[in-house]
Amino acid sequence: MNRLSASQITASLAMLLLGTGGALMLGADPLMIALPVLAGLVVLVITAGDGGRHAAEPDLPVDHPDLIDHPDFASLLEGVADPVLLVEKGRIARANRAAQRLLGAHIEGEDARIAIRHPAAAERLASQAPLAEAVTVELVGLGARDQRWQMRVAPVGTVASMRRLVHLVDHSATNAAERMRVDFVANASHELRTPLAGILGFIETLGDPELGKDGETRNRFLKIMDGEARRMQRLIDDLISLSRIEADKYRAPDSAVDVSELVAEVVSIFRASHGERGRDVEMEILPGLAPVRGDRAQLSQLLHNLIGNSIKYGRPGTAIRVMLNEGPSGMTRLVVADEGEGIGPDHLPRLTERFYRVDSGRSRAMGGTGLGLAIVKHIVERHRGRMDIASTLGKGTTITVLMPPAADDGVAAGASAAI
């Protein structure tokens with residue numbers, strides 16, 4: 001029997017009463033009317049009871065497929081480039097390829113605390129408490145000692161399923177960049193503060209009426225102040241130069257530079273301005289080299305920094321060789337080699353860092369700012385070239401720079417800047 005709604009029952013009662021009233025007004029016998037009215041009431045009672053019974057019946061459960069068994073679930077995980085894991089009751093149910101590369105191909109089915117061996121991660125992944133919203137944990141040393149990861153754990157599905165979606169984001173590059181920025185500001189401040197403190201101290205001393213009368217002392221102090229001021233000027237010039245090069249880092253030079261003529265010009269300047277040591281600079285240029293794609297002013301600065309370093313740190317009386325010839329893939333190869341004390345292998349990877357010095361005292365005594373090779377590195381990167389530093393203790397150091405030709409845009413665009 002079909003059930004009636006409350007509105008249908010109300011309408012039926014109203015029609016029954018109206019029909020009964022109309023029959024009585026027309027003079028019908030009340031006994032003749034009572035039987036159909038009673039039958040109608042019985043039908044309404046039955047249908048009303050049926051409707052309540054059906055309303056009380058619970059809805060049949062809908063069969064939803066499990067999330068893991070969905071055909072698109074695996075492709076959804078692989079669509080995320082970062083490591084992603086689905087953890088169920090403390091075990092890894094699914095892991096994308098990025099997670100397997102980081103933690104191992106065997107991690108599916110393992111205890112999450114064994115796969116991600118980190119105290120902060122283990123506490124979150126092993127917890128049985130309901131997770132109302134996503135939580136974020138910073139992990140240091142996961143994968144490698146200096147790597148930093150952000151682990152985001154979010155609940156998935158019902159509370160009873162105890163499922164967690166774990167997303168790992170590598171913040172190592174961001175952290176390293178921030179550390180470099182902080183170190184750069186601290187080092188620059190220190191490099192400027194040291195000569196400034198010396199200048200202020202000498203000015204205060206010369207302000208003393210008694211000491212100021214001693215001409216010899218005054219001249220010695222003024223000479224030191226002049227040296228410190230020029231050191232600050234060199235540092236500021238290098239900082240400005242480095243800033244300009246970095247600002248143009250992603251804009252490749254578009255001029256053709258005759259690097260053979262440029263090398264000959266720079267070498268002649270060193271021979272004329274650095275006395276006996278300048279005359280130790282030897283030059284070997286292969287004829288007929290094609291122009292390179294570059295910025296002439298920056299390439300001149302690169303040559304000055306490399307040859308200047310060789311003059312400072314090579315042994316007096318030994319040759320400084322500047323060679324220009326053909327490199328691989330049509331590139332032009334510049335080599336600057338000296339015969340000096342050399343550099344230990346532990347220092348080589350850090351030579352192009354800002355303010356890094358193998359011997360701080362010796363570098364400052366020779367007027368170095370600690371930015372020379374950092375500037376060279378950024379110039380090479382801007383020119384889409386390559387740079388290599390090789391050194392042997394007791395024998396000397398050789399720096400090789402490869403530069404793309406001006407005519408071949410494909411080579412210039414494809415060359416990587418590797419230090």
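Here, buried means under 20% relative accessible area, exposed means over 50%, and partly exposed lies in between (1.4 Å probe, protein chains only). Helices (H or I, at least four residues) and strands (E, at least two) are DSSP runs, numbered from the N terminus.

The model is predicted, so local features need pLDDT of at least 70 and side-chain atom pairs count only at pLDDT 80 or more, while totals for chains, interfaces and linings use all residues. Residues are numbered from 1 along each chain as its sequence is written, and side-chain values use heavy atoms, with hydrogens and water left out.

Let's start with strand S1 (residues 84-88): four of its five residues are buried, so S1 is largely enclosed by the rest of the structure. Two strands pair if DSSP finds at least two bridges between them. S1 runs antiparallel to strand S5 (residues 163-170), with five bridges joining them, and Glu88 sits opposite Arg163 in S5. S1 also runs antiparallel to strand S2 (residues 91-95), this time through four bridges; Val87 has Ile92 in S2 as its bridge partner. Two residues separate S1 and S2 in a hairpin, and Lys89 in the turn has a positive phi of about 50°.

Now for the charges. A salt bridge is a side-chain nitrogen of Lys or Arg within 4 Å of a carboxyl oxygen of Asp or Glu, and that rule gives 14 of them. Among them are these:

| Pair | Closest N to O |
|---|---|
| Arg97 and Glu78 | 3.7 Å |
| Glu276 and Arg279 | 2.8 Å |

Asp111 is buried at 16% relative accessible area, whereas Arg113 is partly exposed at 42%. Glu276 is exposed at 61%, and Arg279 is exposed at 52%.
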